[in-house]
Amino acid sequence: MIYFDNVSKLYSDGRSAALQEVTFQVAPKEFVSIVGHSGAGKTTLLKMIIAEDQPSNGQVFFESLDVHRIPKAKLPSYRRKIGTIFQDFKLLSHKTAYENVAFAMEANGRTDAEIAENVPHALALVDLEDKAWNFPGELSGGEKQRVAIARAIVNQPDIIIADEPTGNLDPIATYEVVQILRKINDLGTTVIMTTHNKGVIDEIERRVITMDDGRIVRDDASGKYVL
């Protein structure tokens, strides 16, 4: 599904690198955790997948599609295949939980009938039916992240990309978010997640890619957090 072919990314000075000769692939329905110290290249790698950053060398493929050769006009269509979850939630403060999730569908041109049908299902999947009409300021950190997950999945993407999704959460909320991500993966969606949290990695017990200084230094099929 996702294939990195000898991808490098040089900084503007042309001497230091965010990614160095990275090659790996992610199969459909996999759950892959990417770990490494701050500055190891994890976020740059995710930006390559959604074409927010360009490689200096190498290629990134989604199925048979060269991601960085997609015409600008067709990028929105490509990105609809990918749901993104951020550490800082990125919710719209003036919209309720329901409206935040619905907004993702509106942006994709979905009909009112589709929104009315699918938004409640997405909120139910993250156990937030009872908070549908709460604003972000009325929600805990864990609840905000669950709204963000519902927003990411409501358009039924092929892949979920989660960049440090538990970085701002307490242990209980972290556990809840991890269980939801596992549920989404069990339902057939590919999940690629970056994290610093050893407990999260050890709980998931799925494939772990370890990065250091822009390189992949370990790739364990059923891994623990090893740095």
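This is a predicted model: local features need pLDDT of at least 70, side-chain atom pairs count only at pLDDT 80 or more; totals for chains, interfaces and linings use all residues.
1. Two strands pair if DSSP finds at least two bridges between them. Strand β3 (residues 31-35) and strand β9 run parallel and are joined by 4 bridges. Within this pairing, Val32 stands opposite Arg207 of β9.

2. Strand β9 has a further partner. Strand β10 (residues 215-220) runs antiparallel to β9, and 5 bridges join the two. Ile209 has Asp219 of β10 as its bridge partner. Together β9 and β10 make a hairpin with 2 residues between the strands, and Asp213 in the turn has a positive phi of about 55°. Strand β9 (residues 207-212) is mostly covered, with 5 of its 6 residues buried. As background, strands of a sheet pair through backbone hydrogen bonds, either parallel or antiparallel.

3. Phe61 stands opposite Asp66 in β5.

4. How many aromatic pairs does the structure hold? There are 4 aromatic pairs. One of them joins Tyr3 and Phe61, which are stacked, at 6.3 Å centre to centre and with 20° between the planes. This pair links distant parts of the chain, since Tyr3 belongs to strand β1 (residues 2-10) and Phe61 to strand β4 (residues 57-62), 58 residues apart. Tyr3 counts as partly exposed because its relative accessibility is 32%. Phe61, with a relative accessible area of 17%, is buried.

5. Another stacked pair is made by Tyr98 and Trp133, because their ring centres are 4.7 Å apart and their planes are at 20°. Tyr98 lies in helix α3 (residues 97-107), whereas Trp133 lies in the loop between α4 (112-125) and α5 (141-153), so the pair ties together parts that are 35 residues apart in sequence.

6. Just after α3, Gly109 takes a positive phi of about 75°.

7. The largest nonpolar core has 38 residues, of which Val101, Val119, Leu123, Ile149 and Leu181 touch the most other members. At least two residues of this core come from each of α3, α4, α5, β7 (159-163), α6 (171-186), β8 (190-194) and α7 (198-204). Leaving aside residues up to four places away in sequence, Leu123 touches Tyr98, Val101, Leu128, Glu129, Ala132 and Ala150. A second, separate core has 28 residues, among them Leu19, Ile49, Val67 and Ile161. In soluble globular proteins, nonpolar side chains tend to be buried together.

8. The charged end of Lys90 sits over the ring of Phe86, at 5.2 Å from the ring centre.

Definitions and conventions
Residues are numbered from 1 along each chain as its sequence is written. Side-chain values use heavy atoms; hydrogens and water are left out. Rings of Phe, Tyr and Trp (its six-membered ring) pair if their centres lie within 6.5 Å; planes under 30 degrees apart count as stacked, over 60 as edge-to-face and the rest as tilted. Buried means under 20% relative accessible area, exposed over 50%, partly exposed in between (1.4 Å probe, protein chains only). A charge sits over a ring if NZ of Lys or CZ of Arg is within 6 Å of the ring centre and within 35 degrees of the ring normal. A nonpolar core is a set of buried Ala, Val, Leu, Ile, Met, Phe, Trp, Tyr and Cys residues joined through side-chain atoms within 4.5 Å. Contact means heavy atoms within 4.5 Å.
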